[in-house]
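Work through the exercises below with the sequence and the model at hand. Each task is followed by a solution in steps.

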Amino acid sequence: MAKRRRKLNKDFEKKIYSSKKDVELVLAKIYDIDDEDIQKDYFSSFNKVVFLFDQLKDDYESIGFNKDSEKLMANYQNSFNLFESEFEI
């Protein structure tokens, strides 16, 4: 049986790329925090955002654009927005 090709979506790929840059920027800012305790707090809170982004990216890379893609993106964005509202970065 032939393997199905994954469905691609250029607009969704742009959102993933933009999200990747946002995650990298926040991580860089967290690494710049001098106080080790504060840095640990930020890392532990941001881990959920990173996990959701990795889940989103891995799903798209392995399956492609599917019915769950928008839900995964919404979960990631909500988590990122919650982090931004709770922590000044």
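**Exercise 1: the nonpolar core**

The largest nonpolar core has 20 residues, and those with the most contacts inside it are Phe-12, Ile-16, Phe-46, Leu-56, Tyr-76 and Phe-83. Such a core is a set of buried Ala, Val, Leu, Ile, Met, Phe, Trp, Tyr and Cys residues joined through side-chain atoms within 4.5 Å. Buried means under 20% relative accessible area, exposed over 50%, and partly exposed in between (1.4 Å probe, protein chains only).

The model is predicted: local features need pLDDT of at least 70, side-chain atom pairs count only at pLDDT 80 or more, and totals for chains, interfaces and linings use all residues. Residues are numbered from 1 along each chain as its sequence is written, and side-chain values use heavy atoms, leaving out hydrogens and water.

Task: find which elements give two or more residues to this core.

Step 1. Helices are DSSP runs (H or I, at least four residues), numbered from the N terminus.
Step 2. Helix 1 (10-31), helix 2 and helix 3 (69-86) each give two or more residues to the core.
Step 3. Helix 2 provides the largest share, eight residues.

**Exercise 2: salt bridges**

Task: state how many salt bridges there are, taking a side-chain nitrogen of Lys or Arg within 4 Å of a carboxyl oxygen of Asp or Glu.

Step 1. Lys-21 pairs with Glu-24 (3.6 Å, N to O); both lie in helix 1, three residues apart.
Step 2. Glu-36 pairs with Lys-40 (3.6 Å, N to O); these two are four residues apart in helix 2.
Step 3. Lys-57 pairs with Asp-58 (3.8 Å, N to O).
Step 4. The count is three salt bridges.
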